Amino acid sequence: MTHRFRVLALLLTATVAQVTVFDEVRVAGASVEYLLLVSVLTGYHGGPERGAVVAFFAGLLHDAVTITPMGLHALVYPSLAVATSHLEVRLARFTRPFLGSGLAVAIAGGVLAAAAVGSLFGLRELGDPGLLRTTVVVVVMTVAVAPPTSRAVRWAVTGGLPVDVDLRGQGAEGGG
């Protein structure tokens with residue numbers, strides 16, 4: 001299976017899971033933002049360019065299956081994928097709690113960024129007192145489904161390339 005078919009299968013499966021499973025399971029009116037999770041993990045595993053492209057299409061699919069204006073999530077998700085990728089490259093060795101915290105911050109940033117862009121279209125007021133509570137619930141629920149999703153995203157976006165190639169520390173100082 002080629003890389004593009006893997007990504008297509010990932011996006012379609014994630015969209016179906018978002019619509020059929022995760023939108024039905026709601027806590028305090030919030031649900032898992034599965035396509036946002038896929039976008040962030042694509043930036044982490046696939047790098048900034050691949051992450052931005054996949055996140056853009058994930059955002060379009062999210063807008064296609066919800067009642068939000070077309071392009072709202074496609075505007076937010078790629079920037080999160082690129083930011084996640086750059087932070088992953090720039091920061092040193094990760095520990096599992098650090099990765100989980102970073103993912104939580106990325107998901108919270110995505111929810112708040114989508115709310116901010118949505119407020120431009122008059123969908124929701126940023127001063128809504130329930131926005132912070134909704135963001136916390138979404139973050140907890142979305143991070144809970146992240147481990148198996150991370151494996152699927154890594155499989156799809158790496159395209160069969162080895163994922164554990166460590167290029168850091170191999171510069172002029174490290175080669176010595």
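This is a short exchange about a predicted model.

Biologist: How many helices and strands does the protein chain have?

Modeller: The chain has seven helices and zero strands, in the pattern α-α-α-α-α-α-α along the sequence. Helices (H or I, at least four residues) and strands (E, at least two) are DSSP runs, numbered from the N terminus.

Biologist: Why is Ala14 called buried?

Modeller: Buried means under 20% relative accessible area, exposed over 50%, and partly exposed in between (1.4 Å probe, protein chains only). Ala14 has a relative accessible area of 2%, so Ala14 is buried. Ala14 is in helix H1. Of the 176 residues of the chain, 40% count as buried.

Biologist: What does Ala14 touch, not counting residues up to four places away in sequence?

Modeller: Ala14 touches Tyr34, Leu35 and Val38, where contact means heavy atoms within 4.5 Å. The C-alpha atoms of Ala14 and Val38 are separated by 7.6 Å, although the two are 24 residues apart along the chain.

Biologist: Which residues have the most contacts inside the largest nonpolar core?

Modeller: Tyr34 and Ile107, in a core of 38 residues. A nonpolar core is a set of buried Ala, Val, Leu, Ile, Met, Phe, Trp, Tyr and Cys residues joined through side-chain atoms within 4.5 Å. Leaving aside neighbours within four places in sequence, the contacts of Tyr34 include Ala17, Phe22 and Val145.

Biologist: How do H1 and H7 pack?

Modeller: At an angle of about 150 degrees, with their axes 7 Å apart. Axes are lines fitted to C-alpha atoms, for helices over the stretch in contact, and angles run from 0 to 180 degrees between N-to-C directions. H1 contributes His3, Arg6, Val7 and Leu10 to the contact, and H7 contributes Ala152, Val153, Trp155, Ala156 and Val157.

Biologist: What makes the contact of H1 with H7 nonpolar, polar or charged in its residues?

Modeller: Ala, Val, Leu, Ile, Met, Phe, Trp, Tyr, Cys and Pro count as nonpolar, Asp, Glu, Lys and Arg as charged, and the others, Gly among them, as polar. The contact residues divide into seven nonpolar, one polar and one charged.

Note on methods:
Residues numbered from 1 in each chain as written. Predicted model: local features only at pLDDT ≥ 70, side-chain atom pairs only at ≥ 80, totals over all residues. Heavy atoms only, no water.
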